[in-house]
Amino acid sequence: MSSDATLVDTVNASQSRQVFWDEDVYALEIERIFSRAWLMLGHESLVPKPGDFITTYMAEDKVILSHQSDGTFRAFINSCSHRGNQICHADSGNAKAFVCNYHGWVFGQDGSLVDVPLESRCYHNSLDKQKLAAKSVRVETYKGFIFGCHDPEAPSLEDYLGEFRYYLDTIWEGAGGGMELLGPPMKSLLQCNWKVPAENFIGDGYHVGWTHAAALSQIGGELAGLAGNRADIPFDDLGLQFTTRHGHGFGVIDNAAAGLHIKREGWTKFLEDTRGEVRRKFGPERERLYLGHWNCSIFPNCSFLYGTNTFKIWHPRGPHEIEVWTYTIVPRDADPATKSMIQREAIRTFGTAGTLESDDGENMSSATYINRGVITRNGRMNSTMGVGYEGPHPVYPGIVGISFIGETSYRGFYRFWKEMIDAPDWASVKANDDTWDSVFPNRNFWNEKLNAAE
């Protein structure tokens, strides 16, 4: 494996191909990223009542997320503290307790060990059940979305999302009741490294007009004009890209929220009916975002397309495979018919067998498995598109790129990936808070551009 310093070159905007292949790199990611970052577990809408639970993953660790009787949410490792068997095999349900089917140990909704068969007769009342609780996971919520973290030294979820909350609030709070997830998730296996789809969703507007050219031509609508990546398209006037402190980012295509929906009447009406409320709450700059189509990733492995309204979690299964969980994200206050229509359109495009999902899956697998060749694997990947055409913006937080077709968000994603890989602890990460954006040196880009436009 290359040294940490050469896996990602933030100065020249390149990455070693080994980051998509090597077992040692993957092991380091599990230790320094997935064991320390906040990971998406689900949404309150998936576990609405006390006793409701889902089983999910944090990287390759199975966990149970449970709605407690006091209205809070708890999560714990889905493994019995006796002989290690999986405690709960159901995907979801409602339960007062969880019983291991190996020896019958009983765990409460919060993961506490509450009963052991033959405890007095065979254990002679010597068990310390408090110490034998299932290993707990730190849980926090934001706008109804539930995250888990293993590291007690990690910042709060709100601090981890940081300035990206400015953007998430535009849609997760948005108008009325904000957003929710429709489940259960579709689940599929994809033969690729987890970072390939995460980087694709965080900012790859470049592939849209090429990979999806045929599909866009058939779908029609606002995005059909991107097919073929024609040079006469005014890309700098159609959207922006964003990256923030902890690697979260997205690209937005203006006025295209429903651009991939064929049946869209209810969705477009909802947007039109609520845009005024968003403008009053957040101002015209965020109304612009509310009406746009987003390709977005929350570092490390949660992504969504707002507008198309597909929501993904990329669960890693080693360096060369992921398990994809696909939900639909919908406005909580939309009527049932509109929610159903949005879900059908999201599944048609980016469901497990969706038209555009199939296009992407082939590329993602190829971008991973090509690196099994030792000579190929010694090469590097380039992410220099738009270097210098980005910087601090007078309105939008973080670093903002001039076009939705660019790699500002890629560079932000891998900048933080490198930071997490290099840092021995969260204190070392926090020490860089004031200088994190120094890899984007054009500090006056937006002032000069906006002044020239006046």
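Visitor: Let's start with Ala13: is Ala13 buried or exposed, and how do I read that?
Guide: Buried means under 20% relative accessible area, exposed means over 50%, and partly exposed is in between (1.4 Å probe, protein chains only). Ala13 has 6% relative accessibility, so this residue counts as buried. Keep in mind that this is a predicted model, where local features need pLDDT of at least 70, side-chain atom pairs count only at pLDDT 80 or more, and totals for chains, interfaces and linings use all residues. Residues are numbered from 1 along each chain as its sequence is written, and side-chain values use heavy atoms, leaving out hydrogens and water.

Visitor: Which peptide bonds are cis?
Guide: Most peptide bonds are trans. Here, the bond from Gly183 to Pro184 is cis, with omega near 0°, and Pro184 has its place in strand β13. The bond from Phe299 to Pro300 is cis too, with omega near 5°. Pro300 lies in the loop between β16 (293-298) and β17 (302-306).

Visitor: How do I read contacts, say for Tyr327? What is Tyr327 in contact with?
Guide: Contact means heavy atoms within 4.5 Å. Tyr327 belongs to strand β19 (residues 322-331) and is buried, with a relative accessible area of 3%. Leaving aside neighbours within four places in sequence, Tyr327 touches Leu46, Leu181, Leu182, Gly183, Pro185, Asn309, Thr310, Phe311 and Ile313. Asn309 and Tyr327 are 18 residues apart along the chain, with 8.7 Å between their C-alpha atoms.

Visitor: Thr310 is on that list. Where is Thr310 found?
Guide: Thr310 sits in strand β18 (residues 310-316), and is buried at a relative accessible area of 0%. Beyond neighbours within four places in sequence, its contacts include Phe201, Phe304, Ala346 and Phe350.

Visitor: How far apart in sequence are Glu180 and Leu46?
Guide: Glu180 and Leu46 are 134 residues apart in sequence, while their C-alpha atoms are 8.5 Å apart in space. Glu180 lies in strand β13 (residues 179-190) and counts as buried, at 10% relative accessibility. Among its contacts, neighbours within four places aside, are His43, Ser45, Arg332 and Lys339.

Visitor: Now the helices. At what angle do α5 and α9 pack?
Guide: Two packed helices are described by the angle between their axes and the distance between the axes. Here axes are lines fitted to C-alpha atoms over the stretch in contact, and angles run from 0 to 180 degrees between N-to-C directions. Helix α5 (residues 164-173) and helix α9 (residues 265-282) pack at about 145°, with axes 11 Å apart. Asp169, Thr170 and Glu173 of α5 meet Val278, Lys281 and Phe282 of α9.

Visitor: And how do α9 and α11 cross?
Guide: Their axes come within 8 Å and cross at roughly 115°, with α11 covering residues 336-350. The contact is made by Glu265, Gly266 and Trp267 of α9 and Thr338, Met341 and Ile342 of α11.

Visitor: Which residues touch the most other members in the largest nonpolar core?
Guide: A nonpolar core is a set of buried Ala, Val, Leu, Ile, Met, Phe, Trp, Tyr and Cys residues joined through side-chain atoms within 4.5 Å. The largest one has 118 residues, and Tyr167, Trp172, Trp294, Phe304, Phe311 and Trp417 touch the most other members. Helix α14 (residues 408-422) gives the largest share, seven residues. This core lies between domain 1 (38-139) and domain 2 (161-450), because both give residues to it; the domain bounds come from an automatic or database domain assignment.

Visitor: How many Å separate the centres of the two domains?
Guide: Taken over C-alpha atoms, the centres of domain 1 and domain 2 are 34 Å apart. Their contact takes 12 residues from domain 1 and 20 residues from domain 2.

Terms used
Helices (H or I, at least four residues) and strands (E, at least two) are DSSP runs, numbered from the N terminus.
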